[in-house]
Amino acid sequence: MVAIEVSAEYGYCLLVAVFSIFMLVWKSYNVGKARKQFNVLYPTMYHKSNDHFNCYQRAHQNTLENYPQFLTLLLLGGLYNPIVSAVGGAVWCTGRIVYALGYYTGEPKNRSKGVFSYFGLFAMLYCTVRLATSLLGWF
């Protein structure tokens, strides 16, 4: 049996998790505004001919698709190194905001400005792998 001690710095990971919820709410709000702006009524998920609205919807949906992996890596990686994991999580969230702002222009290629979010993801992934290998006694 291995005991895991949670350091006080783990609180940073929890704050980043809370920040990520505000980021998701912001994206949801923007999709709602875009629905009114482009007259896309519920339950229509994607508009057949309005790609600008679809960019708003896709920016939000893509983040939701990646959110479980983000939370898993943030919270587990934070048990190994909460500072690196929290910084990685903040970078990921910031990258997702930049990604959305690029997408909101209506030019999908502009979403690539948020590609730096992967640096945050890889930092959290590293911390999670190190947690696993240390629990297994490999390193």
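Mentor: Buried means under 20% relative accessible area, exposed means over 50%, and partly exposed is in between, using a 1.4 Å probe and protein chains only. This is a predicted model, in which local features need pLDDT of at least 70 and side-chain atom pairs count only at pLDDT 80 or more, while totals for chains, interfaces and linings use all residues. Residues are numbered from 1 along each chain as its sequence is written, and side-chain values use heavy atoms, with hydrogens and water left out.

Trainee: Thanks! Is N39 buried or exposed?

Mentor: N39 sits in the loop between helix 1 and helix 2. Its relative accessibility is 56%, so N39 counts as exposed.

Trainee: What is the phi of N39?

Mentor: Most residues other than glycine have a negative phi. N39 is not a glycine, yet its phi is positive. The residue comes just after helix 1, and its phi is about 55 degrees.

Trainee: Which two residues are joined by a cis peptide bond?

Mentor: Most peptide bonds are trans. Look in the loop between helix 1 and helix 2, where P43 lies. With omega at about 10 degrees, the cis bond joins Y42 and P43.

Trainee: Stepping back, in what order do the elements of the chain run?

Mentor: Helices (H or I, at least four residues) and strands (E, at least two) are DSSP runs numbered from the N terminus. The chain has four helices and zero strands. From the N terminus on, the order is α-α-α-α.

Trainee: How far apart are the end C-alpha atoms of helix 1?

Mentor: The expected span is 1.5 Å times one less than the number of residues. Helix 1 has 29 residues, so it should span 42 Å. The model agrees with that, as the end C-alpha atoms are apart by 42 Å.

Trainee: Moving to helix 4, is S117 buried or exposed?

Mentor: S117 is found in helix 4. Beyond its neighbours within four places in sequence, S117 contacts V91, W92, G95 and R96. Since its relative accessibility is 3%, S117 counts as buried.

Trainee: How far apart in space are K33 and Y56, C-alpha to C-alpha?

Mentor: K33 belongs to helix 1, and because its relative accessibility is 45%, K33 counts as partly exposed. K33 and Y56 are 23 residues apart in sequence, while their C-alpha atoms are separated by 9.5 Å.

Trainee: Last one: what share of the 139 residues in the chain is buried?

Mentor: For overall dimensions, the C-alpha trace spans about 55 × 25 × 20 Å along its principal axes. Within the chain, the buried share is 40%.

Notes
Contact = heavy atoms within 4.5 Å.
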